[in-house]
Amino acid sequence: MTPLNRQLNILFVAVIGLAYVVLYSSTWLDMERVWRSSATYNHCYLILPICLYFFYRAKTPLITPSVPGSWLWLPALGLILLQLIWLFGYAADIALLMHIAAVMSLQALLWLVLGSTNSRLHWFAITYLIFLVPFGEELSPFLQNITADLTVVMLQTVSIPVYREGLYLATPVGLFEVAEACSGLRFLIASLAISALFAYLHYNKIWKQISFVVFMALLSVLANGVRAFMLVYIGEKTDMRFGFGADHYLYGWIFFGLVLMAGFWLGAKFSDPVQKLERRSKQHFSLQTKPAMLILATAIVAMTLSYRLSLNVITESATVENLAMPLTSEPVEKSNWGINFVDSLAQSHTQDTAGTEYFAARYGNKQQNGELINWQNNLFDKQRWQIQKRITGTDSAILQLRSLTNEQRTVLYWYQIDEQRVVPELEVKVRQALSYLADDQSTAYIFAVSVNGKASEQNLAVLQQAAALLSQTHTGTDQAVDGDQDD
């Protein structure tokens, strides 16, 4: 590499670094906030020091890799795709997509800067950065159901009668809930990070490393089901004197510690001959790429930053406006429905003389605070109600709810984006994001109507009539708003 090319490389690396920091600094700060606030991701603080260590000390390769420079098109293409993913995540307020894009963009840039051959030497340090992403929260409901299934099977195996209702398990001694904290997500995420490190140190072949990580993931899920069963079994046999309270967590972590030790002990039985960790020489950190690739990377990140700065975000007013509602309804005074949508631009909750409740809320496609599809926004009080039946139509959905005290309530709802009715929440996210990225100034709504009682033909007819009335009211409101804007 000529001195001129080396100087150009250094210049463009500095420019890329600056653009990356400006574009992704808020995303990294958000990731750090998650690491700090959630015990599930406290281990993420250790990932970067581990990666830095293996940048300087790594396994001696059996054969010195020689990777053609032409493979650099792969991280360049990946960088383009990752910028699109980040923009979509930003528009849709999907933090996971933004976090993944931020970390993987860093990995792609390291590949481009170091070159293919040097990146191959540092593959583990670069790849292990993925554990900086606080992922997995979306798996909690799935893991909760698996834990409940395993617990029921094991209780039946030891002849303890059990009745399951959703995530609640009723036994002769009491009622147990497989709560989110019991899903085993914390142990699964931590065991993935630890087992990946163990696999790299003990195995030389990629397929063995991947197989061990998959084995530990499956073992973690199974172990969590066994842990939940043990706690219920102990509570059942001791009339709830043991197994819950402070010892609930103590038993859990002791058990998980034993499971990890057993997994690593078994994994060590199949370990490959130990390869020495060597200190990398300076040449393994030199810039081994062409200036043209760095210019391309700089252009990709800079264009993403420029486009992001051109997009406008709605700033909410201090007071939430009221939406127009059917004239036959009045503001609700008392309700057990529990529908809750926070940080909306406008919102109303009313009730007519027959007891039918109407709810509507309006959100911008991108707001400074708040979003239409959010974990804080609920169509009903989840502490009180459980979904007994869901009926999804083309332009609306019906929920049949039941409480533990056998109360029943029926809800009909739909989302509306630019006069288009939508039911699936994922589709709502996608439509809002695309509208925002296209600089569309339209807004999005949630509409819902509800009555006490089960989803009988009479109640469904009442809900359909109420929904039609609410839709007509909204149409009139939109026309009035458009008229005010024209003036």
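This section describes the fold elements, strand pairing and selected residues of the structure.

The model is predicted. The protein has twelve helices and 13 strands. Of its 487 residues, 45% count as buried. Among contacts with a separation of 6 or more, 71% are accounted for by residues 24 or more positions apart.

Helix H6 (140–157) packs against helix H8 (residues 206–237). The two axes are 8 Å apart and meet at an angle of about 55 degrees. H6 is therefore oblique to H8. The crossing of H6 past H8 is right-handed. On the H6 side, the contact is made by Leu143, Ile146, Thr147, Leu150, Thr151, Met154 and Leu155. On the H8 side, the contributors are Val221, Leu222, Asn224, Gly225, Val226, Ala228, Phe229 and Val232. Eleven residues of this contact are nonpolar and four are polar. No charged residue takes part in the contact of H6 with H8.

H6 also lies across strands E2 and E3. The helix runs at about 165 degrees to E2. These strands belong to an open sheet of three, in the order E2-E3-E4, with antiparallel pairing. E2 and strand E4 (174–177) stand at the edges. Each has a single partner strand, so one side of each is left without a neighbour in the sheet. Neighbouring strands of this sheet are turned by 25 degrees against each other on average, direction ignored. Strand E3 (residues 168–171) is joined to E4 by four bridges. Thr171 has Gly174 of E4 as its bridge partner.

The loop between H6 and strand E2 (163–165) contains Ser159. Phi of Ser159 is near 65 degrees, a positive value in a residue other than glycine. Most residues other than glycine have a negative phi. Ser159 is exposed, because its relative accessible area is 64% and the cut-off for exposure is over 50%. Asp93 also has a positive phi, near 55 degrees. Asp93 lies in the loop between helix H3 (73–92) and helix H4 (95–121). With 25% relative accessibility, Asp93 counts as partly exposed.

A further set of strands is arranged around strand E11 (residues 408–417). This strand is mostly covered, with nine of its ten residues buried. E11 pairs with strand E10 (residues 397–403) in the antiparallel sense over six bridges. Leu401 stands opposite Arg409 of E11. E10 and E11 form a hairpin with four residues between them. In that turn, Asn406 has a positive phi of about 70 degrees.

E11 also forms a hairpin with E12, with two residues between the strands. Asp418 in this turn has a positive phi of about 50 degrees. Three bridges join E11 to strand E12 (residues 420–422), and the two run antiparallel. Tyr415 has Val422 as its bridge partner in E12.

Strand E13 (residues 443–452) is likewise antiparallel to E11 and is joined to it by nine bridges. In E13, Ala444 is the bridge partner of Ile417. In general, strands of a sheet pair through backbone hydrogen bonds, either parallel or antiparallel.

Thr298 is a residue of helix H10 (residues 291–310). Its relative accessible area is 11%. Thr298 is therefore buried, as the limit for a buried residue is under 20%. Neighbours within four places in sequence aside, Thr298 is in contact with Phe12, Val15 and Ile16.

Technical notes: Residues are numbered from 1 along each chain as its sequence is written. This is a predicted model: local features need pLDDT of at least 70, side-chain atom pairs count only at pLDDT 80 or more; totals for chains, interfaces and linings use all residues. Side-chain values use heavy atoms; hydrogens and water are left out. Buried means under 20% relative accessible area, exposed over 50%, partly exposed in between (1.4 Å probe, protein chains only). Contact means heavy atoms within 4.5 Å. Axes are lines fitted to C-alpha atoms, for helices over the stretch in contact, and angles run from 0 to 180 degrees between N-to-C directions. Angles under 35 degrees count as roughly parallel, over 145 as roughly antiparallel, 65 to 115 as roughly perpendicular and the rest as oblique. A crossing is left-handed if the near helix is turned anticlockwise from the far one by less than a right angle, and right-handed if clockwise. Ala, Val, Leu, Ile, Met, Phe, Trp, Tyr, Cys and Pro count as nonpolar, Asp, Glu, Lys and Arg as charged, and the others, Gly among them, as polar. Two strands pair if DSSP finds at least two bridges between them.
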